[in-house]
Amino acid sequence: MARQDIHNSGIPLVCQSCEARHGGICGALSPHELVELNKHTKRIKVRAGTELLAEEQPITSYSNVISGVVKLSKLLEDGRQQIVGLQFPPDLLGRPFRELSNVTAEAATDAELCTFTRAALEQAVNGSHAMTTRLHEQSLRELDEAREWMLTLGRKTAYEKVASFLGLIVSAHDANKVEPEREPSIQLPLSRGEMADFLGLTIETVSRQMSALRKHEIIEFANAHTVRIKDRVALNAASGS
């Protein structure tokens, strides 16, 4: 339902309250186009561990990540899974213009998604040059991020890798803030084992590097899943940036 008053120019109520809209693909749509897309969308909340997409399965819908973190993985021939990426608000879950998913997507944390059908996205793209441009921009951003992560995995030390991972989470945390917090507390979306998988390290190495960052007073642990960044500049330096 859309409210038609002068304060929101007909933008659907659910879209007005969406913190991810302006940075995501929906930010390219006019109020009228948002109303049309909204007819085919629904908000869903999922628990951590919920599978959202399966590798090699048909893509029938897409989702904007509204809150939480989604992890992307690929299945190896020997049955192991390799985490190949993380998605944060306002990323688009699902690869446009592909028939089959090339990754498995799973909620790494409790998450909220705005889902819409494949047909609705294709209709929005066909009717909006701005939407097409936004999709291209997002694809190029993901390519740049993948190249940066190749550098992290291929050339950085274990200490730099762990610091880079924390920097990635801080950047996503900052994206939803008007001003970056001086000492943000971040929720780690991956377990130590998953972090090791993502970074190409062992669990023991990840734990040692986290302890080293704490010893250098760059971070401190609130609990097993919450880390406070005490020194942003030092964290950036530790990541090798």
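**Ground rules.** I number residues from 1 along each chain as its sequence is written, and my side-chain values use heavy atoms, with hydrogens and water left out. As the model is predicted, local features need pLDDT of at least 70 and side-chain atom pairs count only at pLDDT 80 or more, while totals for chains, interfaces and linings use all residues.

**Entry 1: α4 and α5.** I began with α4 (residues 129–155) and α5 (residues 158–174). Helices here are DSSP runs of H or I with at least four residues, strands are runs of E with at least two, and both are numbered from the N terminus. The axes of α4 and α5 are 8 Å apart, and the packing angle is about 155°. Axes are lines fitted to C-alpha atoms, for helices over the stretch in contact, with angles from 0 to 180 degrees between N-to-C directions. That angle makes α4 roughly antiparallel to α5; angles over 145 degrees get this word, under 35 count as roughly parallel, 65 to 115 as roughly perpendicular and the rest as oblique. I noted a left-handed crossing of α4 past α5, meaning that the near helix is turned anticlockwise from the far one by less than a right angle. W149, T152 and L153 of α4 meet K161, S164 and F165 of α5, where contact means heavy atoms within 4.5 Å. By class I have three nonpolar, two polar and one charged residues. Ala, Val, Leu, Ile, Met, Phe, Trp, Tyr, Cys and Pro count as nonpolar, Asp, Glu, Lys and Arg as charged, and the others, Gly among them, as polar.

**Entry 2: α7 and its partners.** Next I looked up α7 (residues 203–215), whose axis comes within 9 Å of that of α5, crossing at roughly 75°. That makes α5 roughly perpendicular to α7. From α5, the contact uses A158, Y159, V162, A163 and L166; from α7, T205, V206, Q209, M210, A212 and L213. I have nine nonpolar, two polar and no charged residues there.

Then I turned to α6 (residues 192–199): its axis and that of α7 come within 8 Å and cross at roughly 100°. The two are therefore roughly perpendicular to each other. R192, G193, M195 and A196 of α6 touch I203, V206, S207 and M210 of α7. The classes are five nonpolar, two polar and one charged.

**Entry 3: cavities.** How many cavities of 30 Å³ or more does the whole structure hold? My search finds two. A cavity is a set of points on a 1 Å grid over the protein atoms alone where a 1.4 Å probe fits but cannot get out, and lining residues have an atom within 4 Å of a point.

**Entry 4: backbone.** Most residues other than glycine have a negative phi, and most peptide bonds are trans. I found a cis peptide bond between P89 and P90, with omega about 5°. P90 sits in the loop between β5 (81–87) and β6 (92–93). F97 has a positive phi, near 70°, and lies in the loop between β6 and β7 (104–107).

Terms used:
On a 1 Å grid over the protein atoms alone, a cavity is a set of points where a 1.4 Å probe fits but cannot get out, and a pocket is an open set with protein on both sides within 12 Å along at least five of seven lines; lining residues have an atom within 4 Å of a point. Grid points are joined across faces, edges and corners, and a volume is the space filled by probe spheres set on the points.
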